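Reader: I would like to go through this model and ask what stands behind each label. Please set the values against the cut-offs.

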Amino acid sequence: MTKADVRAAFARQAQSCIALGSPFMGQLMGLCATKDWPDSPVTDRIFAWQGDLGPTGQSVPLRLAGALHALHLQGHPLTAQVYPPQKASDAALWAAVSDLLIEQAAAINHWLDFAPQTNEVRRSAVLIALGHWLADRYGLPFRCSELGASAGLNLQWDDYALAIGDQTFGPATPALTLTPDWTGALPPATRPTVVVRAGVDLNPLDPARDAQRLQAYLWPDQPNRLALTKAALQVARTAVAKGDAVDWLAGQLSHKAGQLHLIYTTIAWQYFPQDRKDAGLAVITAAGDRARDDAPLAWFGMEPDGQAEGAALTLRLWPGDLSFVMGRADFHGRWVHWSPALTEKKD
């Protein structure tokens, strides 16, 4: 790993953060990309990192950002004057970060051991819309299986409300209300009912024990995200299993009459190794072939496709193996373009 590689990774992360509405993170990551780092064990480790440390790889910039935000959430005095809501000059912010890289090297290096797990609650906006759409189509209660569920906050999507203009979709007393910029069709009014929910992750987080970790991966100048996450943590009640997603899913795919089984990922499938994606596709399509009218199967993904801004919203339904494009959404759920359309029916 060369110095240029490290700087390029932080520069890419800075651009991404700015595009996702975080000027502070753009500033912080930009400084990491352009300033001279102090001598410290953290500097030595990052500049000797093996493999892709950028946003599409091991996300080392966000690992570091999470560590620094955690110190701020713990009340470290060096961050008090330079982290939001304060606005710091580049010189002041980099001086504080440099001191932390030296003084808190052990704590920061511990955070560098773990990939970021944001568990972005605003992605549930598309799950709420999807839930209404599927409930209207099938009229059946749901069994939900989330792959890459982190702490399971998006397993509770039916506890949240989605507000679009003067219409609200969800429970009468929601745990939180999501308000993305919405374009396209409105979801049907039909309310979904979830009767079984489960999730899996290679490194599941506990909503109580790991609450600060989940908050640290949020960005300091986006207090609304923090407030939504705190609200979701209050109602999280589904323990996430630890394990390989495909192996776990294979044990979840028995069909039960009178239930729709919904399998979904939100910005998780992209991180699966290709061999696990191939195995997952085989497992899900085989289960789809066994689906019945009284026990249908749905597979939904909110995942980047490299084709346009944001993530593609895709859906496959069995029996019939119907493929739908449901629209697109911002990676953090800030906006949704909802436009369900059948694209393919396989024989």
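**Labels and their grounds**

Author: The buried residues of helix 7 pack against helix 3, helix 4 (60-73), helix 6 (90-103) and helix 9 (211-216). This is a predicted model.

Reader: Which residues of helix 7 are the buried ones?

Author: Helix 7 spans residues 105-112, and its buried residues are Ala105, Ile108, Asn109, Trp111 and Leu112. Seen down the helix axis, these buried residues fall within an arc of 155°, so they line one face of helix 7. An α-helix has 3.6 residues a turn, so residues three or four places apart point the same way.

Reader: Why is proline 61 called buried?

Author: Proline 61 has a relative accessible area of 0%. Buried means under 20%. Therefore proline 61 counts as buried. Proline 61 lies in helix 4. Leaving out residues up to four places away in sequence, proline 61 touches Ala9, Phe10, Gln13, Met29 and Leu53. The C-alpha atoms of proline 61 and arginine 7 are separated by 9.9 Å, and the two residues are 54 apart along the chain.

Reader: What makes serine 40 buried?

Author: The relative accessibility of serine 40 is 5%. The cut-off is under 20%, so serine 40 counts as buried. Serine 40 lies in the loop between helix 2 (23-34) and helix 3 (41-47). Beyond its neighbours within four places in sequence, serine 40 is in contact with Leu101 and Ile102.

Reader: Which backbone atoms lie 3.2 Å and 3.1 Å from a polar atom of the serine 40 side chain?

Author: At 3.2 Å is the backbone nitrogen of valine 42. At 3.1 Å is the backbone nitrogen of threonine 43. A polar contact needs N or O atoms within 3.5 Å.

Reader: Why does threonine 266 count as buried?

Author: Threonine 266 has a relative accessible area of 5%. Threonine 266 sits in strand 8 (residues 260-266). Its contacts, leaving aside neighbours within four places in sequence, are Arg123, Leu127, Glu146, Asn154, Met302 and Glu303.

Reader: What is the phi of serine 59, and what is the phi of asparagine 119?

Author: Most residues other than glycine have a negative phi, and most peptide bonds are trans. Phi of serine 59 is near 55°, a positive value. Asparagine 119 has a positive phi of about 50°, and asparagine 119 is not a glycine. Serine 59 lies in the loop between helix 3 and helix 4. Asparagine 119 lies in the loop between helix 7 and helix 8 (124-138). Serine 59 is buried, with a relative accessible area of 8%. Asparagine 119 counts as buried at 8% relative accessibility.

Reader: Where are the cis peptide bonds that have omega of about 15° and about 0°?

Author: The bond with omega of about 15° joins proline 84 and proline 85. Proline 85 is in the loop between helix 5 (77-80) and helix 6. The bond with omega of about 0° joins tryptophan 318 and proline 319. Proline 319 lies in the loop between strand 10 and strand 11 (322-329).

Reader: How many residues line the second largest pocket, and which are closest to its centre?

Author: The second largest pocket holds about 290 Å³ of space. Its lining has 14 residues, and the closest to its centre are Trp269, Trp299, Gly301, Glu303 and Thr314. Strand 9 (297-303) and strand 10 (311-318) each give two or more residues to that lining. The lining residues divide into seven nonpolar, four polar and three charged.

Technical notes. Residues numbered from 1 in each chain as written. Predicted model: local features only at pLDDT ≥ 70, side-chain atom pairs only at ≥ 80, totals over all residues. Heavy atoms only, no water. 1 Å grid on protein atoms, 1.4 Å probe; cavity = no way out; pocket = protein on both sides within 12 Å on 5 of 7 lines; lining within 4 Å. Points joined across faces, edges and corners; volume = space filled by probe spheres on them. Helix = DSSP H or I, 4+ residues; strand = E, 2+ residues; numbered from the N terminus. Nonpolar A, V, L, I, M, F, W, Y, C, P; charged D, E, K, R; others polar. Buried < 20%, exposed > 50% of the residue type's maximum accessible area, 1.4 Å probe, protein only. Polar contact = N/O pair within 3.5 Å; in protein donor to acceptor, adjacent residues only side chain to side chain. Contact = heavy atoms within 4.5 Å. Arc of directions from axis to C-beta.
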